[in-house]
Amino acid sequence: MMTIRHLTKRYGDRTVVDDLTFTVRPGTVTGFLGPNGAGKSTTMRMILGLDAPTRGHATVGGRAYADHPAPLTEVGALLEARSVHPGRSAYDHLLALALTHGIPRGRVTHVLELTGLAEVAHRRVKGFSLGMGQRLGIAAALLGDPATVILDEPVNGLDPEGVLWVRTLLRSLAAEGRTVLVSSHLMSEMALTADHLVVIGRGRLLADTTVAAFVREAGAGSVRVVTPEAARLAALLAGPDTEVTPAGAERLDVRGTDARHIGRTAAAHGIPLFELTPQTASLEQAFMDLTRDSVEYSATLETTAVATTVEGARA
Amino acid sequence: MTTTATSPSTATPAYAVTPGRVLRSEWHKFWSLRSAWITLSASAAAMVGLGLIVAANYDTGGREHVDPVQLGLAGIQLAAITLPVLGVLVTAGEYTTGMIRSTLTAVPRRVPVLWAKAAVLTAAVFPLTLVTCLIVYPLTQILLSGTDQEAPLTDPDVLGAVAGTAAGVTALSVFALGLGALLRSVAGAIGAFVGGVMILPEVVSMIPLDAVDTAVEYFPAQAAGNVSALDAVPGFPSPAASLLALCLWAVGSVALAGVLLKRRDV
């Protein structure tokens, strides 16, 4: 259990984290989501006592992180990828951390095997790829067999196999009853991994909800239909609970009903369908809608300008 | 008054951060980097090499005041640069690489890390320089036999001056370790050491005031030079006073670094 109450961090007149309050519960994976510069890393650093909050506090297992006699057994954390001296081997790095707590060497070997680093354990970290560096960070996080795991962008730099491995790992950590907080700026990744979502933008809490509720509210479950008789199908589908939005000459976006019903309706009236696709990608769109006002460096203007140019070139 | 309630923590192993464990961790960190081995062996080599070259080329009556210990241990002048650089690497190196975040996550009380680092550096540098001095000095005495610089190591004053030299360069290294923790950048701390410790006193001593000249002799680099003197030179602080000054510099920089370590964000 992790409790964040009115957590605030100011640097001069810049407020990076603004009165953040939320709770992370054990047995679930909580996704900590926000655009770059939203304050995710700063929040995590304050939880770990690396940065002192301007106001408010964060507790893990009922105490401030620094007040635990064996903090690594309480919280395991992966911070920015390189929190390692590149001249030291992976084994020596982990052993140095283990020695501070009296954690035995066997545990160091175990986490190296668990993260697939056993073969490179005695090579210097200098030669590690970004993915290997992430694995070493995760190994360090698991070293103390902690009740709470905090991972900052763990899939950064991992290959597809590594991404899948992290997903499985997070799920199994939560299934063992641990508290898991994972930050990401990718909604799609979180939708696959997390049960609960905490969304922040410009340091402020934007949403604290379950993934299922977020998906429902985001209106994922709209269906894209491409048919030469768009207008006719739209008229047939329209109803009090069904919203049909034309998107181009042959395309419809249908909300409030499912692909099965649309397909049957079209077949019953002899309307040919070229495409019938349930939409899930709109989750990313919903996240962008939610955080639009708080994106640090907005590219909207430029994107629009480019789009106009392309349209103009086509015409 | 019954004590039948069992502690729930009996099942878990007694993992906890203790000062002794932090010391073991820092000891392991120190020796698991090549830079430590390279710097220490280079310093020892410089002390042996330079001492022998200087002693072999010595002619009686060449200069006004020469001290047999300062002559035989001439190489300490180089070690007084390389060993403080090692001190800077031990602390500032963690900030430059990002390792400090891992270190302070494992030891969130922070300050024990600094004491442990200072202790480990002392435990590495003092024995190494002392043993090297005890080997080099008798060798240079063989080369100096028959000159006016004969002073056997068995003479208690000589032994004291040799041990003081090793202690002085150790204190100078710990001072640099504190400087590294204060400035949190390898380049910055080495720059400050060279500029502030080696060049600044030379500039300041150009101010024609006796008080300034006296003060400058207690600056770290000057004090480290005075520690090796076999006999107190008139007008200069005694070796004992110089060593005391050096230790105060070292304790001061580490203590200040400790206060800031506790206060600053990482």
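Predicted model: local features only at pLDDT ≥ 70, side-chain atom pairs only at ≥ 80, totals over all residues.
**The three-stranded sheet of chain A**

Three strands of chain A form an open sheet in the order E2-E1-E4, and their pairing is antiparallel. Strand E2 (14-24) and strand E4 (55-60) of chain A are the edges, each pairing on one side only. From one strand to the next the twist averages 20 degrees. Helix H1 (residues 40-47) of chain A packs on this sheet and touches E1, E2 and E4 of chain A. The direction of this helix makes about 115 degrees with that of E1(A). Strand E1 (residues 2-11) of chain A is joined to E2(A) by seven bridges, and the two run antiparallel. Within this pairing, Arg10(A) has Thr15(A) of E2(A) as its bridge partner.

**The four-stranded sheet of chain A**

Another open sheet of chain A has four strands in the order E11-E12-E10-E13, with antiparallel pairing. Its edge strands are strand E11 (243-246) and E13 of chain A, each of which pairs on one side only. On average, neighbouring strands here are turned by 20 degrees against each other, direction ignored.

Strand E10 (residues 223-226) of chain A has Val223(A) and Val225(A) on a covered face, while Arg224(A) and Val226(A) are on the uncovered one.

| Strand paired with E10(A) | Bridges | Direction | One bridge pair |
|---|---|---|---|
| E12(A), residues 251-255 | four | antiparallel | Val223(A) with Val254(A) |
| E13(A), residues 275-278 | four | antiparallel | Val225(A) with Leu276(A) |

Helix H10 (residues 259-268) of chain A lies across E10, E12 and E13 of chain A and runs at about 160 degrees to E13(A).

**Nonpolar cores**

The largest nonpolar core has 145 residues, of which Leu94(A), Ala139(A), Leu143(A), Val88(B) and Leu246(B) touch the most other members. Helix H7 (residues 156-183) of chain B gives the largest share of this core, 15 residues. Apart from this core lies another, of nine residues, including Leu233(A), Val244(A), Leu252(A) and Val254(A).

Which residues does Leu246(B) contact, leaving aside neighbours within four places in sequence? They are Gly168(B), Ala171(B), Leu172(B), Pro220(B), Ala223(B), Ala224(B) and Val227(B).

**Tyr91(A)**

Tyr91(A) is in helix H3 (residues 90-101) of chain A. Tyr91(A) counts as partly exposed because 19 other C-beta atoms lie within 10 Å, and a buried residue would need 20 or more. Not counting residues up to four places away in sequence, Tyr91(A) touches Val108(A), Leu112(A), Ala121(A) and His122(A). Leu114(A) is 23 residues from Tyr91(A) in sequence, and their C-alpha atoms are 13 Å apart.

**The contact between chains A and B**

The contact takes 33 residues from chain A and 28 residues from chain B. On the side of chain B that touches chain A, at least two residues each come from helix H1 (19-31), helix H2 (34-56), helix H4 (76-97) and helix H5 (99-106) of chain B. By class, this side of chain B has eleven nonpolar, nine polar and eight charged residues.

Technical notes. Residues numbered from 1 in each chain as written. Chains lettered and ligands numbered in written order. Contact = placed C-beta atoms within 7 Å. Nonpolar A, V, L, I, M, F, W, Y, C, P; charged D, E, K, R; others polar. Buried ≥ 20, exposed ≤ 12 C-beta atoms within 10 Å, placed from the backbone. Pairing = 2+ DSSP bridges. Axes fitted to C-alpha atoms, helices over the stretch in contact; angles between N-to-C directions. Core = buried A, V, L, I, M, F, W, Y, C linked by C-beta atoms within 7 Å.
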